[in-house]
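Please open the model in your viewer and keep the selection tool at hand.

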Amino acid sequence: MAGQPEGAPGGKVWYITTPIYYPSDKLHIGHAYTTVAADALARYHRLQGQEVLFVTGTDEHGQKIQRRAEAEGVPPQVFVDRIVAAIRDPLWQRLGISYDDFIRTTEERHVRVVQEAFRRLYDQGDIYKGHYEGWYCVPDETFWRESKLVDGKCPDCGRPVEWVREESYFFRLTRYRDAIYQHITAHPDFIQPPSRRNEMLSFIESGLEDLSISRPGVSWGIPVPFDPSHTVYVWFDALLNYITAAGWLDDPARFARTWPADLHLVGKEIVRFHTVIWPVMLMALGLPLPRQVFGHGWLLIDNTKMSKSRGNVVDPLALLDRYGVDAVRYFLLREVPFGSDGSYTEEALILRINVDLANDLGNLLNRTLVMLERFAGGVIPPYHPEADRLGLPGVVAETVARYQEAMERLALSDALAAVWGLVRVLNKAIEDESPWTLARAGEQGRLETVLYGLADGLRVVSVLLTPFLLEAPGAMREQLGIPEPAGSLAEARFGLLAPGTRTRRGKVLFPRIEETRAAAPAGGTPGKEAKQMADPAATSEIGIEDVHRLDLRVATVEAAEVVEGADRLLKLTVHDGERHRTIVSGIRAHYRPEDLVGRQVVLVANLKPARIRGILSEGMLLAGSAGDQLAVVTPLSPLPDGARVK
Ligand code: MSP
C-alpha cells in the first residue's frame, strides 16, 4: 500500500486509543476527560477524511476487581458485566463518545491474544519463572520497589501496599533496556509532552528490573497457558488490548492497515506502563511501536487529583443533566491546556458557559440572525469582495491554520481558542461596521458584505466545532439554513455559504446559567440580553464577562535586563507555568532589574503580542501608579505559576 494517501481506501487507518478503564468504581469526570479528548481527536481525523479506529474499553481482571466482587457477594463476571453496562451506556453514550470498538479484556478475542503473546515470549526466552518478593499496590495493580515507596505507601496513590512473596513468571525488561532508551531518544515525538519524555528517561536511567507478570493466588485473570495455577498480571494483560482491537491474531490484513497505533492517549500516572513496558513487549513480539503516547494531566479538585479513593469525584451524569453535553465537553477541552493539570470547579464551568458559549457564541448567532431578518429579509445576501473592510477570507484562513496546527500538536484548548479568536473578530465586526448605521446610510454593498461575512464566519465556526461539540454545530447550521452536518474540514473556507439561503432563527444556542455567583447582569434574562446586544449602546460600565476576557495569570520573573537606548523599559523573562515569555515593561525608573528576578507578578496573558523597540513583548504586567509612584502588583503569598487571577 506504499504511496497511498492516508485516508484513501486501503490506506493506513488512524488508530487512537484511550486507556481501558477499571470497572471497579463508578467513572468520574476525570475519566471522562481522557475519553472526551480522544473523541474530539477521532472526530477531527474523520472530518479530515481519514479512516479512524477509535478504541476504548474496560480492564476487567485482577485482584482489585476480584475483591470488589467478593465484597458484593457476586461472581466477578456478573460484577463487571453490571458496571461495564453502566459505563458504555449511558455514560459514554451521553458524552457522545464515538468509539469504533469497545474492548473488554474478558472477551475471548483478547484472552487468545494474551495467551499467545505469553507463550511466544516464553518460548523465545523473554519470560522465565522465578520468585517475586516485594510490595504491591492492589488498587493500582502495581509492583513497587521498596526504594520507590513514599512513607511506606504507594507513591502514585498514597494507599497502603501489601507485601507479596510468591512464585512468579518474569518478563525480561532488562534485556531491552538499551533498545527502549534509544528509541525514546531517537523519536522525540514518541512521548509527549516533552516533560514526560524526560521523566521516563530518568526512570530508565535509575534502573529497570525484570517485571513480575503472573500471580499465583489471583484467580480472576487469564490463566498462563502452560501453567494454569498462575494468572497473567493485569497490566501485561491489559496493554495487549491495543493489538487485540487492531486484529493482531484475527485479521492480519486489518492489523497491517491499523497497527502501529498513531496515538495512545493516557493520564500521566500510567505513562510509564505505556512508554516502557508496553513498547518492550512489542519489541519482544517483533511488532512496531506506537507512533505516540501522549500523557495528559489530571483534573484536580482543590489541587488534588479527583479520584474515588479521595472521595472528591464529580459525577459526569449529574453535570450532563444540569448543563448539557456540549457545555461539559467544551469545559473539559477548553479550560485546561492539554498536558497540564487543571482544576475543576463548578464556577469555572458556569463561567465558560456564560461567557464563551452564551455570550460570545450564542449571542453572535442570535444577533446575526436578527440582523439578517431585519436588513435582508432572512435571506443570505451576496458578498462583495471590494466592500469587505474586515478581510474576512484572510481571517478565516488564519484561524483555520492556527486551529489545524494546534490540533496536530493535540493542543485542544489552543484549537478552541483559535475558533474563539474568529468569534471575537465577528463580534467586533458588528461593532466596527455597525450594520444599523450602514442601513441608515443606505450603504447596501457594505451592509450585505458584513451580513454575509457574519453568517459565513459562523458557518466556518460550526465546521471547526464539529469535533468538539455534538449539538451546537448542527443547531447553528439549521438556523443558518444549512441543515446538513459539516462533511469535511475542507468546508472551513470562507465563501461557501450560498447567497439566497433562507435562515431559520431558532432557540437561543446556550441559555445563560442564571443562578450563578458569576453575577449575571441584573435582570439579564436571555431575551432581554439578546435585545440589548442587538442594539449596542456605548456605556462606560462593563459586565463581568468583559472582566473575564482578561486572562490574568501569576508568573515568576526569571530574568530582567535594561533595554538599551530606552530609558523607561525593562525586558523581563517570565515563566507562566507553561512557558517562558518575554515582556517589555515601562518600569525601569522604578525597579532595578535584579530587584525583580524571582518575584511573582500578574500577567495579562492574552494580550496581543506587540513589538516594542524590536523586541516581541508577549503580554504585560499589572502595576499600580499614582503620580510619580509605581508598584508592580504581586500576590500576597506565593502561588503556582499560571494560577488564574480573577
Ligand atoms: N486500567 C488502567 C489502564 C489500562 S490501559 C492498558 C487504568 N484505568 S483507570 O480507570 O484507573 O484510569 C483510566 C484513565 O483515566 C487514565 O488515563 C487515568 O489517567 C484517567 N483518569 C483517572 N482520573 C483522572 C483525573 N482525575 N484526571 C484526568 N484523568 C484521570 O489506569
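**A tour in two stops**

Begin by selecting Cys157, which counts as buried because its relative accessibility is 15%, and buried means under 20%. Keep in mind that this is a predicted model. Cys157 sits in the loop between strand 5 (142–144) and strand 6 (162–171), and, if residues up to four places away in sequence are not counted, Cys157 touches Cys137, Asp140 and Arg310.

Now centre on Cys137, which belongs to strand 4 (residues 127–137) and, with a relative accessibility of 0%, is buried. Beyond its neighbours within four places in sequence, Cys137 is in contact with Thr142, Trp144, Cys154, Cys157 and Val161.

For the second stop, select the ligand and the 26 residues around it, of which Ile20, Asp59, Gly267, Glu269 and Leu299 come nearest. Which part of the structure gives the largest share of this shell? Colour helix 1 (29–47), and you will find that helix 1 supplies four residues, the largest share.

Finally, show the atoms: a nitrogen atom of the ligand lies 2.7 Å from an N or O atom in the side chain of Asp59, while an oxygen atom of the ligand lies 2.9 Å from a backbone N or O atom of Gly267. The ligand taken alone exposes 670 Å², of which the protein buries 95%.

Terms used
Residues numbered from 1 in each chain as written. Predicted model: local features only at pLDDT ≥ 70, side-chain atom pairs only at ≥ 80, totals over all residues. Heavy atoms only, no water. Helix = DSSP H or I, 4+ residues; strand = E, 2+ residues; numbered from the N terminus. Buried < 20%, exposed > 50% of the residue type's maximum accessible area, 1.4 Å probe, protein only. Contact = heavy atoms within 4.5 Å. Near = heavy atom within 4 Å. Polar contact = N/O pair within 3.5 Å; in protein donor to acceptor, adjacent residues only side chain to side chain. Areas by Shrake-Rupley, 256 points an atom, 1.4 Å probe, with all protein chains shown as cover.
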